[in-house]
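I opened my notebook to go through this structure one piece at a time. Here is what I looked up, in the order I went.

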Amino acid sequence: MTIVRVEPGGGTRGPHVETGPQTQAEETAEVPGALPEALTGFVGYLLRRVFARFAACSDGPEDGSRDFLVLDALTGGDWASQLDLAERLGINRTLMVGVVDRLEGRGQVLRTRNPDNRRQYILSLTDEGRSAVEAGRRAVAERDARLTAALTPEQVPRLNTLLARLLPPGAQDLVRGTGHLVAQAHHRLRRLGDEKLAGTGLRVRHYGPLSLLATSGPCPQQRLAQELAISGPATSQLVDELVAGGMVHRGRDPHDRRRHALELTELGHTQLKRVAHAVGLLAAETAELLGPGGEDELRTLLGRLLEPAHPGAAEATATARRD
């Protein structure tokens with residue numbers, strides 16, 4: 001999740017995200033270029049691209065990001081359960097223990113046993129913690145202003161409203177700032193999509209390469225990277241996963257026998273149908289969360305945010321909306 005580093009003296013550092021190999025790779029996988037037309041109609045895909053762009057502007061460690069989000073959530077009052085707050089904010093329970101340990105060590109949070117349930121801790125914000133939150137919020141506002149410069153002053157709060165609808169109801173009032181909301185919404189949609197593929201060995205991220213290979217026929221890996229607008233190493237990781245799963249075969253390029261080309265296997269075509277079905281279900285669920293007209297509106301706003309790095313993104317999302 002995207003937040004800022006809260007230093008012991010109240011200073012801040014740039015935004016970062018929840019850790020993990022996949023999340024860390026997302027920060028460097030996306031590259032400038034035309035976005036694949038087949039994917040621009042999906043809010044989840046556009047959110048991933050915006051998330052990667054925002055994360056690329058970060059300069060602080062991810063643990064400080066969680067620290068700020070917890071402090072900010074506590075400004076509304078004491079929290080009766082440390083684990084409940086972790087669940088609301090989407091922070092792993094083990095990681096949450098480390099967050100609270102750091103905040104308590106800095107004197108920014110007070111942790112006491114819950115008299116009604118001795119297995120739980122009540123979290124309270126101290127004066128030192130409030131000072132850190134104030135400094136952090138200023139840094140967040142400044143960064144968000146830079147990242148959303150392509151939007152009008154009226155569009156920014158509307159974007160935030162739509163993004164909040166993609167979060168669980170219990171988290172919607174706890175997360176503030178465009179960067180935070182983009183990260184939280186991206187992570188939630190990814191989880192919802194991957195849950196629909198549980199037990200298949202597939203992930204939502206496999207839809208892009210599988211669908212492009214299905215329409216492009218034998219395709220060199222370099223071309224696949226260009227069409228997906230992702231880096232060479234990120235493409236290699238995806239292709240390795242698909243080859244290991246028996247969905248893609250590395251053969252010879254019929255147009256140039258000196259290089260390899262990628263082609264879907266029979267299993268690959270079958271698995272593409274499965275992941276496409278899951279992506280369709282996720283798109284329908286996303287549209288329902290956003291409400292009437294919300295999906296088209298959010299797609300347009302995300303396209304505007306992507307325009308600087310991906311010329312034509314705004315027009316591409318508008319075309320996807322009309323289709």
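Predicted model: local features only at pLDDT ≥ 70, side-chain atom pairs only at ≥ 80, totals over all residues.

**Entry 1: The whole chain**

Next I looked up how much is tucked away. Of the 323 residues in the protein chain, 49% are buried. I then turned to the elements and found 14 helices and 6 strands in the protein chain.

I also looked up the contacts between residues at least 6 apart in sequence. In the protein chain, 63% of these join residues at least 24 apart.

**Entry 2: The largest core**

Which residues touch the most other members of the largest nonpolar core? I wrote down Leu47, Leu210, Leu298 and Leu302, in a core of 56 residues. Helix α2, residues 43–55, gives the largest share of this core, with 7 residues. Apart from this core I found another of 20 residues, including Met96, Val100, Leu123 and Val133.

Leaving out residues up to four places away in sequence, Leu47 touches Leu163, Leu166, Val182, Ala185, His186, Leu189 and Leu302.

**Entry 3: α2 beside α13**

I followed α2 to its partner α13. The axes of α2 and α13 are 10 Å apart, and the two helices pack at an angle of about 30 degrees. Angles under 35 degrees count as roughly parallel, and α2 and α13 are therefore roughly parallel to each other. The crossing of α2 past α13 is left-handed.

Which residues meet here? From α2 I listed Val43, Leu46, Leu47, Arg49, Val50, Arg53 and Phe54. From α13 I listed Glu295, Leu298, Arg299, Leu302, Leu305 and Leu306. I penciled in a reminder: an α-helix has 3.6 residues a turn, so residues three or four places apart point the same way.

Glu295 made me stop. It sits in helix α13, which covers residues 294–306. Not counting residues up to four places away in sequence, Glu295 touches Gly41, Val43, Ala283, Ala287 and Leu290. I also checked Glu295 against Ala284: they are 11 residues apart along the chain, and their C-alpha atoms are separated by 9.8 Å.

**Entry 4: α7 and what covers it**

The axes of α7 and α8 come within 9 Å and cross at roughly 30 degrees. These two helices are therefore roughly parallel to each other. α7 passes α8 in a left-handed crossing. On the α7 side, Val156, Leu159, Asn160, Leu163 and Ala164 make the contact, and on the α8 side Thr178, Leu181, Val182 and Ala185 do.

**Entry 5: α6 against α8**

How are α6 and α8 set, parallel or perpendicular? Helix α6, residues 127–147, packs with α8 at an angle of about 75 degrees, and their axes are 8 Å apart. I looked up the cut-off: 65 to 115 degrees counts as roughly perpendicular, and α6 and α8 are therefore roughly perpendicular to each other. Val140, Arg143 and Asp144 of α6 make this contact with Thr178, Gly179 and His180 of α8.

I went back toward the start of the chain. Ala29 is in helix α1, residues 21–29. Is Ala29 buried or exposed? Its relative accessibility is 10%, so Ala29 counts as buried.

Leaving out residues up to four places away in sequence, Ala29 touches Ala229, Ile230, Ser231 and Ala234. I also looked up Ala29 and Thr235, which are 206 residues apart in sequence and 8.3 Å apart in space, C-alpha to C-alpha.

One of those contacts got its own note. Ala229 lies in the loop between α10 (221–228) and α11 (232–244). It is buried, with a relative accessible area of 3%. Phi of Ala229 is near 55 degrees, a positive value in a residue other than glycine.

**Entry 6: Gly98**

My last stop was Gly98, in helix α5, residues 93–105. Gly98 has a relative accessible area of 25% and is partly exposed. Gly98 and Arg66 are 32 residues apart in sequence and, C-alpha to C-alpha, 10.0 Å apart in space.

Terms used:
Residues numbered from 1 in each chain as written. Heavy atoms only, no water. Core = buried A, V, L, I, M, F, W, Y, C linked by side-chain atoms within 4.5 Å. Buried < 20%, exposed > 50% of the residue type's maximum accessible area, 1.4 Å probe, protein only. Helix = DSSP H or I, 4+ residues; strand = E, 2+ residues; numbered from the N terminus. Contact = heavy atoms within 4.5 Å. Axes fitted to C-alpha atoms, helices over the stretch in contact; angles between N-to-C directions. Parallel < 35°, antiparallel > 145°, perpendicular 65-115°, else oblique. Left-handed = near helix turned anticlockwise from the far one by under 90°.
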